[in-house]
Amino acid sequence: MQNVGVCHFDDSKMATSGWASINGSTPFRIKSRGDLRTDAVWITNILWRDYLRLNLNRLGHVFDDQFFRNSYTFYGRELGFENEPKEQVKFFSEVFTRFSHYLYNKLNINISECGYRIPHLLRDYLASSSLKKQPSGVHSLEINNAITQSTQTMQKMTGNAPQGSTTMNFIFPRGAYSRWLMSLPYPGGDDWEILPEKKFSGVFGHEDNIQIKGTKTILGALLELGKTKAVLLRVTVLSQNREFIDYQSFGSGSNVARRWATLPEIIHISRFSKIKIEGGFMCSLSDIGLKIPLNTDENEFSLTRSIFLDCLWVGIATPLNAKPTINTATAAYMRAYDRIACANAAEAFYKDGSIITGSFGTGRVTAYVRPSDIKDANNIAIRNGLIPPLKNLLR
């Protein structure tokens with residue numbers, strides 16, 4: 001069975017001395033990274049850029065801070081291990097070792113086979129071949145462009161952060177959230193066809209909190225279509241209500257200019273946006289199609305399993321290739337579902353507590369919270385199914 005260790009370097013930019021633990025054993029000091037035994041996979045607190053600068057990617061047994069998607073130090077802050085590296089390496093080396101055993105015993109996957117990040121490994125092993133199918137035919141180039149523009153990972157704020165505030169992360173429970181995402185319908189393959197323009201083009205939504213004439217007809221047709229079809233829409237967002245633009249401006253946070261969106265996203269933003277639909281594409285809907293079914297009887301409160309499920313859905317929602325980037329329609333829909341859920345929570349922070357959101361997506365909301373607003377922020381988070389930072393709850 002693969003040994004898994006965690007090393008927390010005193011100076012992550014230099015990666016010399018630090019605390020280490022393997023398989024949950026008693027922490028011990030190392031003088032340099034040369035003391036990390038080569039029969040183990042080592043997760044460290046080294047950031048990706050420093051990892052590359054130090055050429056540690058040439059070592060097959062040492063990995064950077066984000067091997068498990070979320071950074072190892074992020075998990076530590078979430079669970080209250082700030083400034084406690086000795087306890088942190090022991091706790092997480094045990095958790096990550098259990099993760100390794102889970103992969104091997106359940107899926108016959110060795111964690112040492114991962115050359116970059118766990119989400120990519122899980123996607124390649126567990127996602128069905130239909131996920132990798134690319135659109136074909138005369139419109140394939142435009143459909144691929146539509147998929148790329150529709151695949152936005154994070155929503156980011158515009159405007160300024162409130163004075164005297166600090167950022168805090170509020171997180172959906174990873175296991176339950178992952179199950180929910182993977183229970184939803186997704187684009188079923190490469191059977192794309194042009195959306196009938198006569199029926200589905202026009203201007204609809206809301207302007208200045210007033211519903212635009214004809215919205216009920218267009219929205220009703222879109223909702224009915226969405227029951228059986230995955231849809232990518234070419235849109236122009238003509239305007240958005242003032243109260244939403246700071247944290248839900250269309251396309252804010254995307255790394256490409258956006259003229260395309262999935263149907264779920266357009267339905268969501270139509271509550272506070274004036275939208276012009278100018279055509280689109282549709283294909284059949286289907287289940288996510290994993291090679292193995294998720295066992296719903298397993299412990300929902302296992303940190304190991306929740307990290308596994310989190311890494312799995314993020315892997316599916318990640319491009320198949322970095323350069324050139326190959327996005328998938330499944331990822332476009334999954335990212336939309338995720339941002340909509342997070343957007344609804346961000347809206348509650350704003351409306352119920354006048355708390356500004358800095359960003360949201362990938363199962364969490366990052367909010368700007370003043371010390372006097374911590375209790376309100378905790379209560380809003382819990383009411384909306386989010387877990388506040390542990391340090392908040394201890395106050």
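## Cavities, a pocket and paired strands

Helix 10 (263-269) and helix 12 (329-353) each supply at least two residues of the lining of the largest cavity. Helices (H or I, at least four residues) and strands (E, at least two) are DSSP runs, numbered from the N terminus. This is a predicted model, in which local features need pLDDT of at least 70, side-chain atom pairs count only at pLDDT 80 or more, and totals for chains, interfaces and linings use all residues. Residues are numbered from 1 along each chain as its sequence is written, and side-chain values use heavy atoms, with hydrogens and water left out.

Rolling a probe the size of a water molecule over the atoms shows where empty space is left. The search runs on a 1 Å grid over the protein atoms alone, and a cavity is a set of points where a 1.4 Å probe fits but cannot get out. Lining residues have an atom within 4 Å of a point. Grid points are joined across faces, edges and corners, and a volume is the space filled by probe spheres set on the points. The count comes to 2 cavities of 30 Å³ or more.

The largest cavity has a volume of about 100 Å³. Its lining includes Gln-155, Phe-250, His-268, Arg-339 and Phe-360. The second largest cavity has a volume of about 60 Å³. Among the residues that line the second largest cavity are Arg-69, Phe-74, Ile-171, Asp-310 and Arg-364.

**Open space**

A pocket is an open set with protein on both sides within 12 Å along at least five of seven lines. The largest pocket holds about 1300 Å³ of space. Its lining has 36 residues, and Tyr-116, Thr-153, Thr-318, Pro-319 and Arg-335 lie nearest its centre. Helix 2 (72-78) and helix 4 (118-126) each supply at least two residues of this lining. The largest share, 3 residues, comes from helix 4.

How do the linings of the largest pocket divide by class? They give 12 nonpolar, 16 polar and 8 charged residues. Here Ala, Val, Leu, Ile, Met, Phe, Trp, Tyr, Cys and Pro count as nonpolar, Asp, Glu, Lys and Arg as charged, and the others, Gly among them, as polar. The lining of the largest cavity has 5 nonpolar, 4 polar and 2 charged residues. For the second largest cavity, the classes are 4 nonpolar, 3 polar and 4 charged.

Strands of a sheet pair through backbone hydrogen bonds, either parallel or antiparallel. Two strands pair if DSSP finds at least two bridges between them. Strand 6 pairs with strand 15 (residues 356-361) over 2 bridges. There, Gln-155 stands opposite Phe-360. Both residues also line the largest cavity.

**Partners of strand 14**

Strand 14 (residues 273-286) pairs antiparallel with strand 8.

| Strand paired with strand 14 | Bridges |
|---|---|
| Strand 8 (residues 186-187) | 2 bridges |
| Strand 9 (residues 193-194) | 2 bridges |
| Strand 10 (residues 202-207) | 4 bridges |
| Strand 12 (residues 229-240) | 10 bridges |

Tyr-186 has Ser-286 as its bridge partner, and Val-235 has Ile-277.
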